[in-house]
Amino acid sequence: MIMEMKQRPAAFIDRDGTLIEEVNFLSRVNDLKLFDYTFEAIDRLKNRGYLILVVTNQSGIGRKIYDEAAMRSIHSELQHRLSDSIDGFYFCPHLPDEGCRCRKPNLGMIETACADFMIDMEKSWMIGDKKIDIETGFNAEIKTALVKTGYGAEHSKDLPRQPDIIAEDLLQAVNQLLAV
Ligand SMILES: [Mg+2]
Ligand SMILES: [Zn+2]
């Protein structure tokens with residue numbers, strides 16, 4: 001049997017402030033709020049063949065504000081509300097000063113995803129609301145989209161260089177990147 005080795009483009013998507021509303025140290029499923037366009041945005045990417053990979057810094061775990069089980073219950077609820085469209089969740093549980101390889105803007109999570117899937121990085125995007133998300137995309141040498149939800153409006157003023165797209169929100173970013 002010949003294994004299918006076809007590469008697929010990936011949408012590496014930040015969680016808080018991008019896929020869902022920003023809540024400081026979100027730890028309870030009851031506080032999980034998707035934007036009203038999140039489902040549609042993910043559905044459009046999915047229909048165009050993109051892998052949907054969530055990459056999220058969760059230092060609340062390292063800070064012992066919540067534990068990994070609490071984060072996992074949020075991820076399973078998010079997955080449920082998106083009809084199981086997410087292909088992978090990657091998270092960094094460490095503190096900012098721990099010097100780990102996974103915390104964005106480092107590339108550990110993207111490298112792990114690249115080991116898990118056959119990814120066409122030339123066609124892949126990093127989408128997020130923070131400067132560190134955009135820097136992650138720059139470091140990975142992939143295309144970048146900043147959304148103005150979450151911290152995005154503030155962080156759009158303080159970027160090392162321009163991302164490929166600055167959009168009001170995830171759906172507008174997706175519409176623009178699918179038109180490129
Ligand atoms: Mg964010
Ligand atoms: Zn880490």
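Colleague: Start with one residue. Where does Arg 63 lie?

Modeller: A note before that: this is a predicted model. Arg 63 sits in the loop that joins α2 (59–62) and α3 (68–81).

Colleague: Is Arg 63 buried or partly exposed?

Modeller: Count C-beta neighbours. A residue is buried if 20 or more other C-beta atoms lie within 10 Å of its own, and exposed if 12 or fewer. Arg 63 has 13 inside 10 Å, so it counts as partly exposed.

Colleague: Now the whole chain. In what order do the elements run?

Modeller: Read from the N terminus: β-α-β-α-α-β-α-β-α-β-α-β-α. That gives seven helices and six strands.

Colleague: Why does the radius of gyration agree with a compact globule?

Modeller: Compare it with the value for the chain length. For 180 residues a compact globule would have a radius of gyration near 16 Å, and this chain has 15 Å, so the two agree. The C-alpha atoms fill a box of roughly 45 × 45 × 35 Å along the principal axes.

Colleague: What share of the residues counts as buried?

Modeller: Of the 180 residues, 38%. Contacts tell another part of the story. Among those with a separation of 6 or more, 64% link residues 24 or more positions apart.

Colleague: Which residues touch the most other members of the largest nonpolar core?

Modeller: The general idea first. In soluble globular proteins, nonpolar side chains tend to be buried together. Here the largest core has 41 residues, and those touching the most other members are Ala 11, Phe 12, Leu 53, Ile 127, Ala 145 and Ala 173. Strand β2 (residues 51–57) gives the most to this core, with five residues.

Colleague: What is Phe 12 in contact with, beyond its neighbours within four places in sequence?

Modeller: Leu 53, Val 55, Ile 110, Ser 124, Trp 125, Met 126 and Ile 127.

Colleague: Ile 110 belongs to helix α4 (residues 108–116). Which residues of α4 are buried?

Modeller: Met 109, Ile 110 and Ala 113. Look down the axis: the buried residues of α4 fall within an arc of 95°, so they line one face of the helix. Their cover includes β1 (10–13), β2, β3 (88–92) and α5 (131–140).

Colleague: And which residues are buried in α7 (residues 170–179)?

Modeller: Leu 170, Ala 173, Val 174 and Leu 177. Covering them are, among others, α1 (38–47), β4 (125–128), β5 (143–147) and β6 (165–167).

Conventions. Residues are numbered from 1 along each chain as its sequence is written. Chains are lettered from A and ligands numbered from 1 in the order in which they are written. This is a predicted model: local features need pLDDT of at least 70, side-chain atom pairs count only at pLDDT 80 or more; totals for chains, interfaces and linings use all residues. Helices (H or I, at least four residues) and strands (E, at least two) are DSSP runs, numbered from the N terminus. The radius of gyration is taken over C-alpha atoms; the globule rule is 2.2 Å times the number of residues to the power 0.38. Two residues are in contact if their C-beta atoms, placed from the backbone, lie within 7 Å. A nonpolar core is a set of buried Ala, Val, Leu, Ile, Met, Phe, Trp, Tyr and Cys residues joined through C-beta atoms within 7 Å. The arc is that of the directions from the helix axis to the C-beta atoms.
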